[in-house]
Amino acid sequence: VLVHRITAFAAASSDDPTPRKKYMLTSSDPLVLKQQADALRAEADALRVQLDESKEEAERRRLARVDGLIESILVNFTINDDNQLLNTEETVARLMQDERLSV
């Protein structure tokens with residue numbers, strides 16, 4: 001009787017219209033996951049480096065722009081590397097207003 005019930009249960013299970021997927025872990029699955037995680041970490045590190053470089057470049061451009069504005073507002077004429085003729089206070093004030101409005 002017991003054998004008959006086990007056989008009937010097995011037959012009923014195999015007739016299940018919605019078969020369930022069975023996931024069997026193999027010994028390589030943890031290794032594959034570790035490799036994928038390592039690859040994602042490397043990609044994240046590369047993106048972090050790229051982002052840092054981009055921020056540094058943006059800061060260099062900003063500083064160059066500020067230096068250029070200061071130079072254009074304060075310096076009237078450059079004689080050589082050590083000597084410059086500066087604008088008057090009135091000219092500097094006017095240039096600062098003009099630059100503020102154009103920026």
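Residues are numbered from 1 along each chain as its sequence is written. In this predicted model, local features need pLDDT of at least 70 and side-chain atom pairs count only at pLDDT 80 or more, while totals for chains, interfaces and linings use all residues.

Let's start with the patch. Val66, Ile70, Leu74 and Leu86 form it on the surface, together having about 330 Å² of accessible area (Shrake-Rupley method, 1.4 Å probe). Patches join nonpolar side chains within 5 Å, using residues with over 30% relative accessible area and no salt bridge. Helix α2 (residues 29-74) gives the most to the patch, with three residues, and Val66 is found in this helix.

Now to Asn87, which sits in the loop between β2 (84-86) and α3 (89-102). Here are two accessibility values, with buried meaning under 20% relative accessible area, exposed over 50%, and partly exposed in between.

| Residue | Relative accessibility | Class |
|---|---|---|
| Val66 | 31% | partly exposed |
| Asn87 | 16% | buried |

What does the side chain of Asn87 reach? It reaches the backbone oxygen of Ile73 at 2.7 Å. Leaving out residues up to four places away in sequence, Asn87 touches Ser72, Ile73, Leu74, Val75, Asn76, Val92 and Leu95 (contact: heavy atoms within 4.5 Å). Leu74, a member of the patch, is 13 residues from Asn87 in sequence and 5.5 Å away in space, C-alpha to C-alpha.

Definitions and conventions: Side-chain values use heavy atoms; hydrogens and water are left out. Patches are made of residues with over 30% relative accessible area and no salt bridge: like charges are joined within 9 Å, nonpolar side chains (Val, Leu, Ile, Met, Phe, Trp, Tyr) within 5 Å. A salt bridge is a side-chain nitrogen of Lys or Arg within 4 Å of a carboxyl oxygen of Asp or Glu. Helices (H or I, at least four residues) and strands (E, at least two) are DSSP runs, numbered from the N terminus. Buried means under 20% relative accessible area, exposed over 50%, partly exposed in between (1.4 Å probe, protein chains only). A polar contact is a pair of N or O atoms within 3.5 Å; within protein, one must be able to donate a hydrogen and the other to accept it, and residues adjacent in sequence count only if both atoms are side-chain atoms.
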